[in-house]
Amino acid sequence: MSLSWKGVLFFIASCSAIAAGQGVSGPKHGKNIVCFLASWSHYRLDPIKFHLSDLDPSLCTHLVYSFAVLDENTNEIKSSDVGLDVENKDTTVGYKGFVDLKTKNPHLKVTLCIGGWNEGSQKFSLMAKSPHSRKQFIQSVIKFLQTYNFDGLDIMWKYPTTRGGDKQDKDNFVILVKELKEAFSPHDFILTASLSGIKHVMEPAYDLVQLNKYLDMIHVLGYDYHGPWNGILGANSPLSSTSQDNFRSVEYTIRYMIAFGVSPEKINLELPLFGRTLLLSNPKEERVKFGQTKVQGVGFPGPIIKGIHYYAYSEICMELTNKSIPWDYHWDEESSTPYLRDKDRIISYDNPRSIANKVKLAIDYNLGGFMVWSVDTDDFKGLCDLRNDAYDDYEARINRISDDPMLQDAIDKLDLSDLDLNDGYYIKMDKKLEFIKPKQDFKNFQMLRTINQATSVALEEMKIVLAIWNKRRFGNGISGTSFVLPTSLGGCEQSCLSSCYKMCQNPFL
């Protein structure tokens with residue numbers, strides 16, 4: 001099977017820019033780490049009440065303050081909580097304290113997000129319909145960003161054409177983004193959007209080719225693929241599925257967006273720092289299975305935030321350390337998802353292992369980076385006990401490569417010193433590759449630190465895999481980031497060493 005010209009371009013993109021550096025005080029791996037903050041986390045009860053002083057800005061490249069809202073009478077952007085965002089004198093909250101983080105962390109870009117679930121769609125739909133109302137909105141946004149010293153805007157319109165929207169929203173969203181980009185250019189403001197990763201939402205809502213032209217980054221919301229609303233037990237954020245027609249997975253979303261016009265380097269994959277709760281229809285069910293076991297139409301709230309069928313990762317940590325609650329830990333291999341069970345109660349969530357696997361997938365597709373919703377729900381106070389299994393699948397994968405007779409000769413001839421492996425997670429011993437598991441002795445922000453660490457590990461693995469590919473196919477070495485790229489990947493299904501090459505099986509290309 002030969003690659004189409006799109007496939008060749010995608011392959012080249014996915015195999016370049018691996019070693020780019022980041023700012024002095026931020027992540028060094030070169031990928032975006034976009035940290036959204038839910039401003040209302042300041043109102044939560046201890047121990048998960050969040051202050052800006054709890055944040056470690058060195059873990060992020062971008063910070064996004066959520067949410068501003070749209071005034072439906074004036075079509076202008078405004079604060080959702082003036083007392084907190086603007087008038088509060090406490091420098092650990094609000095716009096000023098948030099933006100001032102740039103002073104000591106010059107690598108940071110700090111932007112403002114408008115929208116969110118509670119804002120719905122109707123107000124945005126009405127505003128985007130006419131040139132006059134769009135102009136009112138855009139002028140107000142520029143003034144607002146300048147007043148509070150933000151570096152740009154993220155639009156989280158949930159969702160065009162639905163929830164009170166209009167069938168013309170798809171086109172009007174593009175016009176709005178185009179006009180925003182043109183107005184932003186003289187000010188060097190960043191323009192991003194947070195888009196759903198669910199196929200039935202994406203299809204009517206987004207003209208991905210056009211949005212890709214005008215947005216600087218696209219945050220893909222990789223969650224809510226399943227929940228109690230489906231009536232069937234499933235993963236909140238499944239990595240992939242073996243079922244060819246199952247479009248409810250992170251990998252399907254990535255492949256869909258790339259195939260329909262989004263540049264991989266513009267995509268930041270959202271990694272959820274929360275879980276969804278479910279109640280079994282039959283509490284006496286001994287063994288449960290994702291995709292089959294029936295659940296009730298509503299879940300149960302967490303102990304502090306009390307969100308509807310929602311548990312913050314920090315709440316999950318509290319539950320796991322509470323020995324009076326007999327949660328049983330389970331791992332669903334097919335979706336790469338951990339879940340907890342206590343009788344009829346299920347929590348489908350993400351932990352360092354599932355997060356590290358999603359990071360690997362995103363690196364395979366050379367995505368621009370990652371977005372987290374939201375940094376205030378991470379284990380920022382170090383409440384969680386670590387399982388130390390984040391890299392079990394990395395270890396298993398490199399062992400499979402080392403044991404493959406087809407590849408052993410290439411591995412034997414491989415000189416890892418040519419690859420500039422700064423961290424040395426992989427070494428060659430007795431003609432085999434060995435993986436040195438990184439230490440996971442994190443004191444806080446377990447998930448965010450795992451994202452950064454796994455990004456470095458996955459980039460290092462990618463270098464090695466590409467080097468083996470070159471040795472195997474062409475017998476030549478590899479130095480730095482200068483890769484010899486095949487123009488055809490015949491027999492791809494047999495020769496692929498990493499899911500980097502899954503694009504050759506992409507049905508959309």
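Let's start with Cys317 and Cys384, which form a disulfide with their sulfur atoms 2.0 Å apart; the term stands for a pair of cysteine sulfur atoms within 2.5 Å. The link of Cys317 and Cys384 is left-handed, with -90° about the S-S bond. Cys317 sits in helix 11 (residues 313–321), while Cys384 sits in the loop between strand 14 (369–373) and helix 13 (392–403), so this pair ties together parts that are 67 residues apart in sequence. Helices here are DSSP runs of H or I with at least four residues, strands are runs of E with at least two, and both are numbered from the N terminus.

A quick word on what you're looking at: this is a predicted model, where local features need pLDDT of at least 70, side-chain atom pairs count only at pLDDT 80 or more, and totals for chains, interfaces and linings use all residues. Residues are numbered from 1 along each chain as its sequence is written, and side-chain values use heavy atoms, with hydrogens and water left out.

Back to our cysteines. Cys317 counts as buried at 0% relative accessibility, and Cys384 counts as buried at 13%. Buried means under 20% relative accessible area, exposed over 50%, and partly exposed in between, using a 1.4 Å probe and protein chains only.

How many disulfides does the structure hold? Two, and Cys35 with Cys60 form one of them, their sulfur atoms 2.1 Å apart. The torsion about their S-S bond is about -95°, so this disulfide is left-handed. Cys35 lies in strand 1 (residues 32–38) and Cys60 in the loop between strand 1 and strand 2 (62–71), so they tie together parts 25 residues apart in sequence. Both Cys35 and Cys60 are buried.
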